[in-house]
Amino acid sequence: MLAAILALTLSPQETVTLSLAADAYLDRKAPGANTGREPLLVGGVDKAVLIRFPELGLSIGAGKRVRSAHLRFTTARPGEPKVGSVGRVLRPWGEGGWRLDQFGGEKPPTVVAAATWNDSLAGKDGLAWERGGAAGRNDTTPLTVGRTELKDEAFTLFGLESAVQAMIDDPQHNYGLRIEFSNATTLFSADSLGYGPQLVLVLEAKAEQPAPDLRVVSCEMRQAAPPVEGQPMTWNVAVRNVGDVDSRAQSLVVTYYGKESVERKINDAIAVGETKTLTFTLPHRNATVQPAMQPVVVRVLPEEGDRNASDNGLTVYQGSLKVAVAGVEWDEALAVVTDLNERVFPFSKFGAWPMGCTERLQLVMNAEGADVVARVVDGDVRRAVLRAVTGLPDALLRPFASQAPQVNGSQATGFVTDAGQAGLFPDTRDDVIVPQALAIPDRASTALILGDLAMNDHKMLSRSETTIINSMAGKRGAERALPWTLTPSSIFFRVFTPDGVTTSGAKLDVYQLVGGAFGSQPVFTAQLGQDGSALMTPRPSGAFAKPNPYGDLQPDGSNGWLLAVVTANQTTHSSWIPVWQLWDEAVRGNTAAAFIELRVQLASGVLVRGENLALNRLVTDMKGRFPAELSALVDGKEETSVAFGKEPEGYWIEIDLGRDLQIGEVSLVFDGPVWKQFRILTYKTAQSPDEGQVWSEEANGPANPGLKTSPDGKTTLSYLAKSVRSRFMRIVPFSGESVKLSEIKIVPIGTG
């Protein structure tokens with residue numbers, strides 16, 4: 001009986017780990033320094049650490065109760081951190097851009113929207129802390145938290161349930177936590193590579209009690225003419241009761257820019273299912289800073305209590321781009337715009353854009369009063385909004401609509417975006433660690449930077465989209481145009497094999513796509529030298545843009561794609577070079593020549609296409625399965641397959657070729673989706689597996705441009721690299737997807 005009662009009273013629980021965070025540290029000895037983009041958080045005497053997880057209450061935890069919450073850091077120096085105090089921040093603050101310190105007593109240029117010891121938002125019309133280091137009563141409210149724990153390099157702070165619940169219930173005022181350490185402490189920040197802080201939550205459903213549930217649907221300034229500085233302006237707030245009890249009276253609370261505040265009681269009832277318009281008045285302030293720094297935060301709270309407080313508020317940004325969305329329900333459009341404003345735009349950070357997208361959007365009901373109109377025709381609201389905001393024509397979104405065009409008798413490579421990313425284009429890696437003079441590593445490669453650092457892939461907008469949006473920030477009407485004039489004059493190509501070997505002697509042909517087809521001749525040809533490089537010089541342009549590799553660029557994007565084709569030993573590899581990729585090269589500082597790295601898969605000899613060295617060979621794996629269980633991988637029949645799930649760490653599949661043979665190409669045929677990440681290793685008869693060499697490595701299989709899909713759903717990934725003579729080939733998947741692998745094919749290199 002007791003078990004039955006417990007089963008009824010206990011709510012289902014879910015564990016959520018958040019890693020998307022804004023963080024910085026404040027230093028009294030450097031009161032004007034901003035540290036939001038540094039890889040480390042430094043704590044200790046006269047310092048304070050700020051951290052905020054923006055997804056709380058917006059996409060995570062809405063309507064839920066926090067059962068437990070703890071914050072986990074990775075320490076960057078020996079010793080156990082000692083927490084002096086913890087508080088919940090009450091003022092908005094920003095990470096800012098690059099660190100600017102005070103040197104020789106001179107004051108450095110102020111970084112807009114940066115949190116410093118003196119300011120929560122530095123810059124013109126900024127916001128100062130009440131007390132330096134966010135230590136004032138109106139800066140931070142103290143919290144009583146639980147124990148701390150240091151285990152290996154993981155430092156955990158427990159007992160944050162009440163603070164996190166408050167942030168979930170009021171996401172518009174989620175300004176995060178302030179932590180003081182009483183000893184010298186160094187932690188990895190959210191801008192570190194793979195060691196950032198994590199907030200671990202256990203959430204459960206709240207008990208369903210009859211109650212109002214007010215939802216702020218919209219907030220718009222009511223204006224018939226352009227507002228004047230200081231002029232009182234009326235705002236309309238649409239509020240809907242989605243609960244099951246009427247709301248008899250409400251409190252309307254409005255905060256503008258973290259400063260001015262309006263609060264009043266409204267005695268008008270809002271019945272269940274009713275939408276009512278409330279109003280408030282604020283003096284207008286002209287947009288003198290970026291929209292992200294001018295939030296108007298509105299919250300409506302029912303007198304009786306609210307079932308889900310997370311949707312009782314809304315943030316709009318004065319001076320933001322007004323967007324109308326046609327073809328979808330308002331609530332769905334509002335959810336997308338809110339996510340773009342609060343998560344995607346600010347966290348699409350790159351070397352040239354340390355603060356991400358500086359634009360903000362405001363959803364409006366009337367298309368006539370909108371700056372841009374997004375039309376949803378395929379159900380993808382986010383894509384429709386981004387297309388409207390960027391103004392990208394169809395021809396620049398992808399090089400072809402369906403069937404890939406032919407180039408010199410061969411089919412051009414595909415063009416796909418990364419699975420799970422928020423934007424339109426691939427390459428969402430933050431290039432902050434790549435010096436301007438170096439090319440950004442090819443998207444399909446696993447190349448490391450500066451010896452052992454990989455680029456952080458945040459899965460937000462691409463570098464190119466951020467460049468386009470920021471180039472138009474604050475512009476309206478005809479001023480909103482794609483940044484064609486950013487196109488660098490030349491392209492400096494560096495061509496390597498996947499293992500970093502230069503492709504001396506290979507031929508580079510660059511074709512231009514015009515109106516969906518290629519011309520019979522390339523627009524540029526070069527024989528690659530010893531360093532695998534080639535310089536594509538400018539071509540004459542019309543009045544639309546300066547001389548550039550594309551020539552006379554067309555505003556419809558119809559000739560904004562180049563295809564670089566590299567040929568050696570009767571094999572070819574091709575990669576697309578869209579004009580928007582060159583725009584983000586320009587903002588990195590490469591205005592004269594864009595540095596483009598190509599990682600190409602070419603055979604180092606002539607392939608014997610009619611032969612498959614893997615056919616009917618012995619197959620084994622880490623689990624010790626019988627060869628018969630794996631024989632479908634080498635039976636030459638694509639209709640048979642072997643299923644693989646989340647395999648143990650270090651799992652491998654191995655083919656024994658019987659003797660050392662010259663390997664030139666390896667193809668993996670999947671029945672459906674492919675592995676995202678895996679390695680192909682080889683070793684000889686006289687070697688042990690530990691002596692195996694990485695022959696090829698896949699960084700992002702689903703986004704590999706060479707991925708081929710047949711009408712029956714078979715997908716093939718093929719790899720060519722420097723030919724090796726080996727007996728054993730070992731495939732090591734390490735991304736954990738469940739797949740069905742149908743066939744492994746190994747093509748040899750001819751002997752003459």
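Colleague: Which residues does Arg-52 touch, not counting residues up to four places away in sequence?
Modeller: This is a predicted model. Arg-52 sits in strand β4, residues 47–52. Beyond its sequence neighbours up to four places away, the residues that Arg-52 touches are Leu-20, Ala-21, Ala-22, Trp-93, Asn-174, Tyr-175 and Gly-176.

Colleague: How far away from Arg-52 is the nearest side chain of opposite charge?
Modeller: Arg-52 is buried and has no salt bridge. A salt bridge needs a nitrogen and a carboxyl oxygen within 4 Å. The nearest side chain of opposite charge belongs to Glu-342, at 5.6 Å.

Colleague: Which residues touch the most other members of the largest nonpolar core?
Modeller: That core has 115 residues. Its largest share, nine residues, comes from helix α3, residues 330–347. Touching the most other members are Phe-280, Phe-493 and Ile-577.

Colleague: How many residues are in the second, separate core?
Modeller: Its members include Val-619, Ala-632, Leu-668 and Leu-717. The count for this second core is 32 residues.

Colleague: Why does the radius of gyration of the protein chain agree with a compact globule?
Modeller: The C-alpha atoms fill a box of roughly 90 × 75 × 60 Å along the principal axes. With 752 residues, a compact globule would have a radius of gyration near 27 Å. The chain agrees with that because its own value is 29 Å.

Colleague: What percentage of the residues of the protein chain count as buried?
Modeller: The chain holds eight helices and 44 strands. Buried means under 20% relative accessible area. Of the 752 residues, the share that counts as buried is 52%.

Methods
Residues numbered from 1 in each chain as written. Predicted model: local features only at pLDDT ≥ 70, side-chain atom pairs only at ≥ 80, totals over all residues. Heavy atoms only, no water. Helix = DSSP H or I, 4+ residues; strand = E, 2+ residues; numbered from the N terminus. Buried < 20%, exposed > 50% of the residue type's maximum accessible area, 1.4 Å probe, protein only. Lys, Arg positive; Asp, Glu negative; His and termini not counted. Contact = heavy atoms within 4.5 Å. Core = buried A, V, L, I, M, F, W, Y, C linked by side-chain atoms within 4.5 Å. Rg over C-alpha atoms; globule rule 2.2 N^0.38 Å.
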